[in-house]
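Hi everyone, thanks for coming. I'd like to walk you through one protein today, so let me put it up on the screen.

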Amino acid sequence: MNMTNKTDKTEKIQESPGKRNGEVNIVAFLCNWCSYAGADAAGTARLRQPENIRIIRVPCSGRVNPLFIIKAFNLGADGVLVSGCHPNDCHYGEGNLYARRRFEFLKKFLPFMGIDSNRFSYQWISASEGQKWQNVVINFVKRIENREGK
Ligand code: FES
């Protein structure tokens, strides 16, 4: 086994959250049952979306530990978006309600770590809301780009 290849691979993983051609880098955690399907519906309907979003599919928004979000920022994400099912539509009952509680706390906590809480957002998007997904990501990317321009 060639050690050089292993090192190159590690560097690529560490570089991947970095900026590409000056674009902002967004990490989006999407619940499998609603928001991921909504993003998929937007793609199927050929709704234009920013390309600088890395989507991570999770079983439920309640699965998103706030440490995942902090880690994404630490690895170079300019913005982090979490999206799940609408309240009372969670596939697992109350996962999104627990998530909402954690995310509201996280928003208050981020400035203490030197992270602008406007770089984080969470949304509720159902499988049939491809148009809403498009609007949310376009607006979130604009918000992060405007912030970066300052
Ligand atoms: Fe979608 Fe819980 S299954 S938020």
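**From one leucine outwards**

Let's start at Leu30. Leaving aside residues up to four places away in sequence, Leu30 touches Ser35, Tyr36, Ala39, Ile55, Arg57, Val58 and Ser83. Please keep in mind that this is a predicted model.

Leu30 also turns up in the largest nonpolar core, which has 39 residues. Along with Ile26, Cys31, Ile69, Val80 and Phe140, Leu30 is one of those touching the most other members. Who supplies this core? At least two residues each come from strand 1 (26-31), helix 2 (35-44), helix 3, strand 3, helix 4, strand 4 and helix 5 (130-149).

Now let's step back to the overall layout. There are five helices and four strands, and along the sequence they run α-β-α-β-α-β-α-β-α. Of the 150 residues in the protein, 38% are buried. Among contacts between residues at least 6 apart in sequence, 79% join residues at least 24 apart.

Let me finish with helix 4. Which of its residues are buried? They are Gly95, Asn96, Ala99 and Leu106. These cover an arc of only 75° around the axis, so they sit on the same side of helix 4. As a reminder, an α-helix has 3.6 residues a turn, so residues three or four places apart point the same way. The buried residues of helix 4 pack against helix 3 (66-74), strand 3 (79-84) and strand 4 (120-124). On the face turned away from that buried side, you'll find the exposed residues Arg101, Glu104, Phe105 and Lys108.

Methods. Residues are numbered from 1 along each chain as its sequence is written. This is a predicted model: local features need pLDDT of at least 70, side-chain atom pairs count only at pLDDT 80 or more; totals for chains, interfaces and linings use all residues. A residue is buried if 20 or more other C-beta atoms lie within 10 Å of its own, exposed if 12 or fewer, and partly exposed in between; C-beta atoms are placed from the backbone. The arc is that of the directions from the helix axis to the C-beta atoms. Two residues are in contact if their C-beta atoms, placed from the backbone, lie within 7 Å. A nonpolar core is a set of buried Ala, Val, Leu, Ile, Met, Phe, Trp, Tyr and Cys residues joined through C-beta atoms within 7 Å.
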